[in-house]
Amino acid sequence: MALLIADNVVPGYDRKAVAPAVSFSVEEGNFLCIVGANGTGKTTLIRTLTGLQKPLSGRVIFDKGFSKTQAGFVPQFTHSAKDFPASVREVVLSGCLSECRFRPFYSRVHKKRASENMQKLEIEDLSSSSFQELSGGQQQRVLLARALCSAQKMIFLDEPTANLDPNASENVYQLLERMCQEEKAVIMITHDIKGALKYATHVLSLSGENAFFGTQEEYAKSTLSKEGGENVY
Amino acid sequence: MFTDILSKLMTYFTYPFVRYAFIVGVLIALCSSLLGVPLVLKRYSYIGDGLSHVAFGAVSVATVMNMTGTVLLSAPVTVLCAVLLLRRGRRSNIKGDAAIAMVSVGSLAAGYLLMNRFGTSANLSGDVCTTLFGATSILTLQPIDVYMCIALSLVVLLLFVFYYHRIFLITFDEEFAQSVGIAVNSYNLLLAVITALVIVLAMNLVGSLLISALIIFPAVSAMRLFKSFLGVSICSGILGVVHSTLGLLVSILAGTPAGSTIVVVHLLGFLLCSVAGWVLRECVS
Ligand SMILES: Nc1ncnc2c1ncn2[C@@H]1O[C@H](COP(=O)(O)OP(=O)(O)O)[C@@H](O)[C@H]1O
Ligand SMILES: [Mg+2]
């Protein structure tokens, strides 16, 4: 049984569709890359999948054993208010909150998980710094660590490597690959097609009249035949 | 001179109404300064102002109707308005802002008009002044007011501590909270209801005009000194209590109006924190 099924989902705002209807399913251990030019509705689609907005038509179905509290989300990077008082540690820990159903405070397990995720993203020495005083790439890594804390089964990422240097991007890809090996599912929007195709198992492309969904090999073949080599989204 | 002041204070504290004033003052200051942190950070500073005017309107109606406990009317009306305003505020920011201003000015004007037209008291401007600035009303509290205030403050404090981490998350990143299945709307509703209750309570202390000061000043002052949410929350609570206590002491010793004195002390405290924050940053870097 798939963790998540999109059944003819049309993402959009105020009854205006921004992308064609898409249907696909994501299973445990899958690494789905969503690609497409700017403005093709990738962000709108991922917001629909995470339940932040309703689809104009169609349905997003979760497996019975899976709930939103076991997913993590890294939103598209935006510069947030400059003066919000929050330490890196507080932000990362807040990813564990979805698990604290009736518990007011974090358990030792949560604190350990937060430290581990900070280590994975190489931000443990920033843990008591102010989140707002970090660089864009550092903030992005903090938000990734937060999402890892809540992503027990699935993680959604909207251009997670847009602000990262090549080393950090590579590190993130490897992290995500390891998550797939642990039978978690990854759904990621990216413009870094070459980097992502190495790790993706499935690709959803939103460019063109009809959306394309298939395995990584099928996608590579279809773009090769269409564009003869280097693809341009 | 110091012993003079001390003995003067000792005599004052033998009066029960002075003790009541301090208990109520400290509790309200603590509640509103804690709530102030998420409200200011969520850009809801104006909600406090708007709601306090609604509370003023409701108290006017209750006074005109000769109701004994004005809280019985002002509490439900203010809570209702808080819920409606936060609903609107979410849908559209510009309309939400205008709605707050309209409700705020509207209830202020209607309240004054009612008091003016149907008020039975001989000293109208005195009454209005008391409701707006809380001139001496904190010194006229009855034991029942004090018990109610203690009960409500305890509820607010417990809720704040219990939901502290959730308050942080919905303040910092509402969308992430929603995406991992946290009931964001319920917590926003809870925040609105608590805010309304604290405002109704605080009317006894500083009157409706100056409530915003109790909510905003400690939070903003604390943000000058600390960079973490926990640090700001604790500091805000402490500043709120210390400044309000100082203000009350000064007002009793110097015979000045309690509400305005408390706010002026908060203002001075804010300036002090700004300077301290600036010095700290200069020294560190
Ligand atoms: N809040 C919004 N309200 C209405 N339309 C929007 C909103 N946000 C984005 N859009 C529109 O939806 C389309 C797709 O945007 P988006 O999903 O962000 O694209 P992508 O992430 O693929 O670059 C754009 O044409 C944009 O104009
Ligand atoms: Mg986007």
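**Helix packing and a domain contact**

H7(B) and H8(B) are roughly perpendicular to each other, a label that covers angles of 65 to 115 degrees. This is a predicted model, where local features need pLDDT of at least 70, side-chain atom pairs need 80 or more, and totals for chains, interfaces and linings use all residues. Residues count from 1 along each chain as its sequence is written, chains are lettered from A in the order written, and side-chain values use heavy atoms, without hydrogens or water.

**The helix pair in chain B**

- Helix H7 (residues 143–162) and helix H8 (residues 164–172) of chain B pack at about 70°, with axes 4 Å apart; helices are DSSP runs (H or I, at least four residues), and axes are lines fitted to C-alpha atoms over the stretch in contact, with angles from 0 to 180 degrees between N-to-C directions.
- On the H7(B) side, Phe160(B), Val161(B) and Phe162(B) meet Tyr164(B), Arg166(B) and Ile167(B) of H8(B) (contact: heavy atoms within 4.5 Å).
- That contact splits into five nonpolar residues, no polar and one charged, with Phe, Val, Tyr and Ile counted as nonpolar and Arg as charged.

**The two domains of chain A**

- Chain A divides into domain 1 (1–66 + 153–232) and domain 2 (82–150), with bounds from an automatic or database domain assignment.
- Their centres, over C-alpha atoms, sit 25 Å apart, and each domain puts 10 residues into the contact.
- About 870 Å² is buried between domain 1 and domain 2 of chain A, 68% of it from carbon and sulfur atoms (accessible area lost on being put together, 1.4 Å probe, summed over both parts).
- Asn163(A), Asn171(A) and Leu175(A) supply 40% of what domain 1 of chain A buries there, more than any other three residues.

Terms used: Helices (H or I, at least four residues) and strands (E, at least two) are DSSP runs, numbered from the N terminus. Angles under 35 degrees count as roughly parallel, over 145 as roughly antiparallel, 65 to 115 as roughly perpendicular and the rest as oblique. Buried area is the accessible area (1.4 Å probe) that two parts lose on being put together, summed over both.
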